[in-house]
Amino acid sequence: MLTPVLLFTLLGGLFGLGLGWAARRFRVESDPVVDRIDAILPQTQCGQCNFPGCRPYAEAIAAGEAPINQCPPGGEAGIRALADLLGVEPLPLNPECGEEKPRRVAVIDESVCIGCTLCIQACPVDAILGAPKLMHTVIGAECTGCDLCLPPCPVDCIAMVPAAHAASGWAWPRPDLTRVPAGSR
Amino acid sequence: MQPDPIQTAKLAGTRLYHFHGGLRLRHNKQVSCELPIARAALPECVYVPLMQHSGQEAEPTVAAGQKVLKGEVIGRCDHAGGGWVHAPTSGTVNAIARHPISHPSGLDGVCVLVEPDGLDQWTALQPIADWRDAEPAELRELINGAGIVGLGGGVFPTGRKIEEASRRGIHTLILNGAECEPYISCDEMLMREQPASIILGAQILQRAIGADRTVIAIEDQMGAVYQALARAVAATDATAIDIVKVTTLYPEGGEKQLIQVLTGLETPSGGRPTDLGLLCQNVATATAVARAVVEGKALVERIVTVTGSGVRRPRNLAAAIGTPISDLVEQCGGYAEGAARLVLGGPMMGYSLASDANPVIKAANCILVLTENDIQPPQPEMPCIRCGECARVCPALLQPQQLHVTVRNGFWDDTIEAGLADCIECGCCDYVCPSHIPLVDWFRHGKSELRRVAAERAGAENARRRYEAREARLARLKQERRQRMQEKKQALGDQRAKQERIEAAVERARSRRRNET
C-alpha cells in the first residue's frame, strides 16, 4: 500500500518540477493570441467597438473583457473567424456598434473645404493630405472608410462614397444569387 | 539550361502521355472550316477597349479629334501584366468614352473610338531587317512594343512572358495548335493557310528565348494541317522543329495538359511551364510575332471563328480589333432563325454576351451563336450526391465536389489548401455533374473571392502599419514637446540662479565698499 503511494508522489513531484522548469525555460514572450485576434480585425481603426482602435479591442477580447461581436467592418465573416480562433460560439453583430456596410471611402468636396486640418488630425491612418488654410484631399487607396473624419468637419464637406467599380476590380458573383431560382443550366 | 537528354527524347514525339480525366466532345468544327479565312470589312467605327489584358486599363495616348495611322500606339500600360494598344486602322479618333466591352461582367470600359478613313494606311514601320542577326533582347523589346498578347485566350503579354522565360532558361518552345474546344477553328484554319508565317514565328521566338528546339502540337484529326506545316518546315532551313499529333481529348489544348501529354511531366502547383524549361505559345501568337518582327506591324487584328447554328454562313474572319461583333455576324450571312444566345469563346469556357455591339478583343477567338435547340433547358440544381464523376474527369486532379463545399461556405483557407488556384475552369466537372451544380461558376466566384480576401488582408496590413506609424509619431511628438518644456524650465531655473549669483556678488561688493569707507 505504502510503496505505490510513495512511488506516485515521487513521480508526480518529478514531473511537476520538470514542467515547471520547461515553463520557465521555453517561455513565449509576447501574447500571440492578441496578435492573432488583431490579424483578423479589419484595421479600420474606426472605434465603433467602443475601443480606441483595433489593437485595444484585440487586447480586450484576449483578456475576456469584450465580446467578439462589436466589429461592424469585420462583419459576420470576422465574427466567425474570431469564434473559430477562440473556440467560442459565433454571436450576431451587436447592433449598438453599427451595421455591416460595403466598404466606402471618404471624398472631400474640395471647393467647400476651408483647410481647418481637423479631419487630418482625426484620420487614424494618415490618409488625408493638406495644410492649414489650404485645401485637403483624401488618398483614396489608403482610406479605411472609418467615418472618423465626418464629425469634426465644420463645413460638412466630406462624403462617404462606395469604393469604385471597374471591370478590373469586378468579381464573379455567387452562382446561387445570380441564377434564376433553382438554377438554370 | 542545358537540354535534358531524357526530356528531349520524350519531346521527339516518339511517345505520348496522358493527363488525368478529360472528355470526348463532339467537335462541331467542320462547319466553320469549309470557307477560307476572309478579311472582315472595316466597320463605320472601331471601339478599341483599353483593357485587353490582365491587370489595369492602359492609359490613352491620343485625344479626341486626333488623326491616327494604322498601328500607331493609342494606349500604354507599363504595369506588370499590361500591354500596349494600337490603332487598328487609319482614321480619326472620335472620342475616348465608355462603351460595353467584351468582359464577363458586362460592365463598360474605356474605349478609343476610331472612325476609319478607308485608306487603312500603316504608320511608319520599323521592322528588324534580319532577325537572325538581331540580339534576343532587341527582339523581345519589339514584341513587347507590338502589343502582342497570348492569343489562345490567356492574353498575358507575350513580351513579358518571354522576358521571364529567357531569364529562366528554356530548352524547348511548344507551339500550341491543339485547339480542343468544340466549334473553334481559328487556329486550325491559320495553320492550314499560313503555315510559313507560323514556322517563321517559331524560329524568331526560339531565338528570342534562346530555346534549342520547337514542338508544334496539333490534334490528330486535323488532317490537312500536318501536311501544310510539314511542307512549310521543309521549305525553310529550320532544323529543330517537330510537329506532333496529340490525341483529341478535351482539354488537351490547356497549357499544363499539353505539356503533360508531350512530356509526361506535371507543371508544379502554383508553378509555370518555365519551371520545367518549357515555354508554351499559341500558334496565332507566333504569326503575330513574325509579323511584328519581319514587317514591323503591331497586333491590330486577329482571326475570329464566327460559328454556331445561329449563324447562316459560319466561317473564319480576320477582323480588326474593335470591330463590333454584329458586323462580323452580318458578314457571315447574319443570324439564322432561332438564334438565342451569343457566346464569346467556346461552349465550354466562353461566356455569354449581353449585346452584339461589343467589340472584338485580342482574346476573342470565337463568336458562337447558339439557337434554342442547342441550349439545354434550365435544370434545377440538386444537392451533391458525392458520386465523384467530377473528380474522375478533372484534368487538374482536383476534387471539385470538395472545392465546391469550401467555396460555397467561404472556407477560404481550406479552399486554398484544396488547390482552387490550379483549376483551369475547363468545365468538364460542370458537364458531367448529374446534380447540375454550376461548379465552374462557383470556382470562378471562389477565385475572385480569394483575390478579394487577399487584397483585403493586404489593405488591413497596410492600415495597421500606417496606424502604428501614426501612433508612434504622435507619441514621439508628445515626448519631444515634454522635453522642450523641461529644457525651457531648466533654462529659466538656470537664469534665476545666475541672477541670484550676480545679485549676491553685487551685494558682496557693495558691503565690501561699505566696510572700506
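Let's start with the two-domain chain: the centres of domain 1 and domain 2 of chain B, taken over C-alpha atoms, are separated by 41 Å. Please keep in mind that this is a predicted model. Domain 1 of chain B covers residues 5–320, and domain 2 of chain B covers residues 381–517. Where these two parts touch, domain 1 of chain B supplies 10 residues and domain 2 of chain B supplies 12 residues. On the domain 1 side of that contact in chain B, three residues are nonpolar, seven are polar and none is charged.

**Chain A and its domains**

Chain A is also divided, with domain 1 at 32–97 and domain 2 at 102–164. The centres of these chain A domains, again over C-alpha atoms, are separated by 26 Å. Six residues from domain 1 of chain A and seven residues from domain 2 of chain A take part in their contact. The domain 1 side here has one nonpolar residue, five polar residues and no charged ones.

In secondary structure, chain A holds six helices and four strands. Read from the N terminus, the elements of chain A follow the order α-α-α-α-β-α-β-β-β-α. Chain B, for its part, has 15 helices and 17 strands.

**Overall dimensions**

How does the radius of gyration of chain B relate to that of a compact globule of 517 residues? Such a globule would come out near 24 Å, but chain B has 32 Å. The C-alpha trace of chain B spans about 135 × 60 × 55 Å along its principal axes. For chain A, the radius of gyration is 25 Å, while a compact globule of 185 residues would have one near 16 Å. Along the principal axes, the C-alpha atoms of chain A fill a box of roughly 90 × 60 × 30 Å.

**Where the chains meet**

Between the two chains, 24 residues of chain A are in contact with 30 residues of chain B. The chain A side of this contact divides into 12 nonpolar, eight polar and four charged residues.

| Helix pair in chain B | Axes come within | Crossing angle |
|---|---|---|
| Helix 3 (136–145) and helix 4 (158–168) | 7 Å | roughly 155° |
| Helix 5 (186–193) and helix 7 | 8 Å | roughly 40° |
| Helix 6 (195–209) and helix 7 (223–235) | 8 Å | roughly 55° |

Take helix 3 and helix 4 of chain B, whose axes cross at roughly 155°. They are therefore roughly antiparallel to each other, and their crossing is left-handed. Helix 3 of chain B brings Pro136(B), Arg140(B), Ile143(B) and Asn144(B) to the contact, and helix 4 of chain B brings Thr158(B), Gly159(B), Ile162(B), Glu163(B) and Ser166(B). By class, this contact has three nonpolar, four polar and two charged residues.

Next come helix 5 and helix 7 of chain B, with axes that cross at roughly 40°. That angle makes helix 5 of chain B oblique to helix 7 of chain B. The crossing of this pair is left-handed. Glu188(B), Met191(B) and Arg192(B) of helix 5 meet Ala224(B), Val225(B), Ala228(B) and Leu229(B) of helix 7. The contact comprises five nonpolar, no polar and two charged residues.

Helix 7 of chain B also packs with helix 6 of chain B, at roughly 55°. Here too the angle makes the helices oblique, helix 6 of chain B to helix 7 of chain B. Is the crossing of helix 6 and helix 7 of chain B right-handed or left-handed? It is right-handed. Pro195(B), Ala196(B) and Ile199(B) of helix 6 make this contact with Ala228(B), Leu229(B), Arg231(B), Ala232(B), Val233(B) and Ala235(B) of helix 7. Those residues divide into eight nonpolar, no polar and one charged.

**Two backbone details to look at**

Which peptide bond is cis, with omega near -5°? The bond from Tyr250(B) to Pro251(B) is, and Pro251(B) lies in the loop between strand 11 (241–246) and helix 8 (255–263) of chain B.

Asn28(B) is worth a look too: it has a positive phi of about 55° although it is not a glycine. Asn28(B) is found in the loop between helix 1 (5–14) and helix 2 (30–33) of chain B.

Terms used:
Residues are numbered from 1 along each chain as its sequence is written. Chains are lettered from A and ligands numbered from 1 in the order in which they are written. This is a predicted model: local features need pLDDT of at least 70, side-chain atom pairs count only at pLDDT 80 or more; totals for chains, interfaces and linings use all residues. Domain bounds come from an automatic or database domain assignment. Ala, Val, Leu, Ile, Met, Phe, Trp, Tyr, Cys and Pro count as nonpolar, Asp, Glu, Lys and Arg as charged, and the others, Gly among them, as polar. Axes are lines fitted to C-alpha atoms, for helices over the stretch in contact, and angles run from 0 to 180 degrees between N-to-C directions. Helices (H or I, at least four residues) and strands (E, at least two) are DSSP runs, numbered from the N terminus. Angles under 35 degrees count as roughly parallel, over 145 as roughly antiparallel, 65 to 115 as roughly perpendicular and the rest as oblique. A crossing is left-handed if the near helix is turned anticlockwise from the far one by less than a right angle, and right-handed if clockwise. The radius of gyration is taken over C-alpha atoms; the globule rule is 2.2 Å times the number of residues to the power 0.38.
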